[in-house]
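Trainee: Please take one part of this structure and look at it closely, then connect it to what surrounds it. I would like the cut-offs behind each term as you go.

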Amino acid sequence: SEDKEETENMMRNILSSLLLVGFSYLQDNKKLSYNQLTRNSDGRHFLITTLLERIYDPIDAPRFRGRVVFDLPERLGGTTRSGADCCQIKEVPFKHKRGYYTKKMIKEVLTKEGIMKYKRGLSLDDFELNVKKDINRVADIINGDQRPFDHMMSLAATVKDMINENIFAKAMVTIIVR
C-alpha cells in the first residue's frame, strides 16, 4: 500500500500540471477537441496527463472535470461512443502491412512479454530489476518505434485497463521522458 500511496502522490503532481495546461488551453478554447489538442505540445501533454488522471478507473471514465472521455474504437476494445466533446481514440494501422491492431493482439504481446503476471491493484517494487525491465517493455510496446502521437495514445489507452496501474503510469512517464 506504500507503493500505491507513492503512485497516488506522483499522480497528484502530474495532475497539477494537467490542470495548469488544461486551464490555460481552455482560456483560448471553449470546447476540447482531440484533433486540435494533438496539434501542439501543450495539447499532447494535456492528453497524456489526462490519460493518467483517475488511474484506477476505467479508460472511459470521465476525466478533467467531465470534459474528457476516452472512447476506444471497437477493434481496441471500445463499445459505443460516449458523444463527449473529447476524445475519440483512433485505430492503429500496421506499419508494414494492411490491417489494424486489435485488443486481442495487444493482450497476446503483453502476455508473451510477461507483463500480465502483475495483477492490477498490486503494489510493486519499482527498484526491482525485473519490474524496471517490464516498465521499459511496456513503454516500448506503446511507443517503441516512435509511432505518430495518435497511434501512441491509442495503444496507451488500450493498454491502460489491461495491465497493472503502477507499471502503466511509470511506462507513460518513461515515454514522456524519452
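**A buried arginine and its surroundings**

Mentor: Arginine 147 is buried, with a relative accessible area of 18%, where buried means under 20% relative accessible area, exposed over 50% and partly exposed in between, using a 1.4 Å probe and protein chains only. This is a predicted model, in which local features need pLDDT of at least 70 and side-chain atom pairs count only at pLDDT 80 or more, while totals for chains, interfaces and linings use all residues. Residues are numbered from 1 along each chain as its sequence is written, and side-chain values use heavy atoms, with hydrogens and water left out.

Arginine 147 sits in the loop between helix 5 and helix 6; helices (H or I, at least four residues) and strands (E, at least two) are DSSP runs, numbered from the N terminus. Its side chain makes polar contacts (pairs of N or O atoms within 3.5 Å; within protein, one must be able to donate a hydrogen and the other to accept it, and residues adjacent in sequence count only if both atoms are side-chain atoms). One reaches the backbone oxygen of isoleucine 141 at 3.3 Å, and another reaches the backbone oxygen of isoleucine 142 at 3.1 Å. Leaving aside neighbours within four places in sequence, arginine 147 is in contact (heavy atoms within 4.5 Å) with Tyr101, Ile141, Ile142, Met152 and Leu155.

Two of these residues, Ile142 and Met152, lead on to methionine 172, which is in contact with both of them as well as with Ile48, Leu51, Leu52 and Ala156, again leaving aside neighbours within four places in sequence. A nonpolar core is a set of buried Ala, Val, Leu, Ile, Met, Phe, Trp, Tyr and Cys residues joined through side-chain atoms within 4.5 Å. The largest such core has 45 residues, and Phe168 and Met172 have the most contacts inside it. Two or more residues come from each of helix 2 (34-37), helix 3 (41-52), strand 1 (68-71), strand 2 (86-88), helix 4 (103-112), helix 5 (129-143), helix 6 (149-160) and helix 7. Helix 6 gives the most, with seven residues. In soluble globular proteins, nonpolar side chains tend to be buried together.

Asparagine 164 lies in the loop between helix 6 and helix 7, and is buried with a relative accessible area of 0%. Its side chain also reaches the backbone oxygen of lysine 119 at 2.8 Å. Not counting residues up to four places away in sequence, asparagine 164 touches Tyr118, Lys119, Arg120, Gly121, Leu122 and Leu124. The C-alpha atoms of asparagine 164 and methionine 116 are separated by 7.9 Å, although the two are 48 residues apart along the chain.
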